[in-house]
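Me: Please take a close look at the aromatic residues in this model. I would like one connected account of how the rings pair and what surrounds them.

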Amino acid sequence: MAEPVVTEGVESDATRRDFIHIAAGAMAVGAGAMVAWPLINQMNPAADTLALSTIEFDVSKVQEGQQVVITWQGKPVFVRYRTAKEINEAANPVGSLKDPEADSARVKPGHSKYLVVIGSCTHLGCIPTFGSGEYGGWFCPCHGSVYDTSGRIRKGPAPKNLVVPDYAFLTDTRIKIG
């Protein structure tokens with residue numbers, strides 16, 4: 001049986017070579033991460049966009065029968081303090097609805113007097129005016145869409161109701177949109 005041949009320094013060269021390969025690989029991964037980080041980070045929303053992601057509003061500023069327009073994420077938001085007559089008209093719609101939705105689903109429980117909707121027509125994005133529609137709600141002058149006092153589409157080319165944004169009452173008089 002032959003004895004294995006032992007040469008000096010071969011084992012240390014292999015260990016040194018392995019270390020160099022591992023170190024070079026680690027540096028390549030680190031360099032790749034340093035290059036990729038700015039590219040990935042630029043996809044995050046800007047600070048001004050994050051600041052506009054939510055907005056708080058004091059609804060006690062709105063008088064009964066009045067509507068206030070605030071801007072949220074560059075879009076107009078109608079905050080309307082509805083009268084008892086408007087609430088009754090919205091609760092009992094006459095005729096058929098294109099986009100059926102109960103008035104109670106469009107307002108927060110216990111706060112049915114306040115209606116919060118995005119003030120952009122669902123047809124082509126025009127801004128409807130309040131009080132000029134035949135159902136007591138909004139009328140879009142661009143193409144004639146008519147919304148009732150709950151912001152539901154009643155006539156015209158708009159396919160959907162005025163959008164209710166995600167909002168919550170923080171107190172009885174303060175809402176947070178977004």
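Reply: Start with Tyr114. This is a predicted model, and in it Tyr114 is buried, with a relative accessible area of 5%. Its ring partner is Phe169. Phe169 also counts as buried, at 18% relative accessibility, because the cut-off for buried is under 20%. The two ring centres lie 6.1 Å apart and the planes meet at 45°, so the pair is tilted. Tyr114 sits in strand S4 and Phe169 in strand S9, so the pair links parts of the chain 55 residues apart.

The pair belongs to a wider group. Tyr81, Tyr114, Tyr167 and Phe169 make up one aromatic cluster.

Phe78 lies in strand S3 and Trp138 in strand S6 (residues 136-139), so the pair ties together parts 60 residues apart in sequence. Both rings are buried. Phe78 has a relative accessible area of 2%, and Trp138 has 0%.

Arg80 lies over Phe130, at 3.6 Å from the ring centre.

Last, the cores. The largest nonpolar core has 15 residues, and Phe57 is among those with the most contacts inside it. Strands S4 (114-118) and S9 (167-169) are among the elements that give two or more residues to this core. Apart from it lies another core of twelve residues, including Phe78.

Technical notes
Residues are numbered from 1 along each chain as its sequence is written. This is a predicted model: local features need pLDDT of at least 70, side-chain atom pairs count only at pLDDT 80 or more; totals for chains, interfaces and linings use all residues. Side-chain values use heavy atoms; hydrogens and water are left out. A nonpolar core is a set of buried Ala, Val, Leu, Ile, Met, Phe, Trp, Tyr and Cys residues joined through side-chain atoms within 4.5 Å. Buried means under 20% relative accessible area, exposed over 50%, partly exposed in between (1.4 Å probe, protein chains only). Helices (H or I, at least four residues) and strands (E, at least two) are DSSP runs, numbered from the N terminus. Rings of Phe, Tyr and Trp (its six-membered ring) pair if their centres lie within 6.5 Å; planes under 30 degrees apart count as stacked, over 60 as edge-to-face and the rest as tilted. A charge sits over a ring if NZ of Lys or CZ of Arg is within 6 Å of the ring centre and within 35 degrees of the ring normal.
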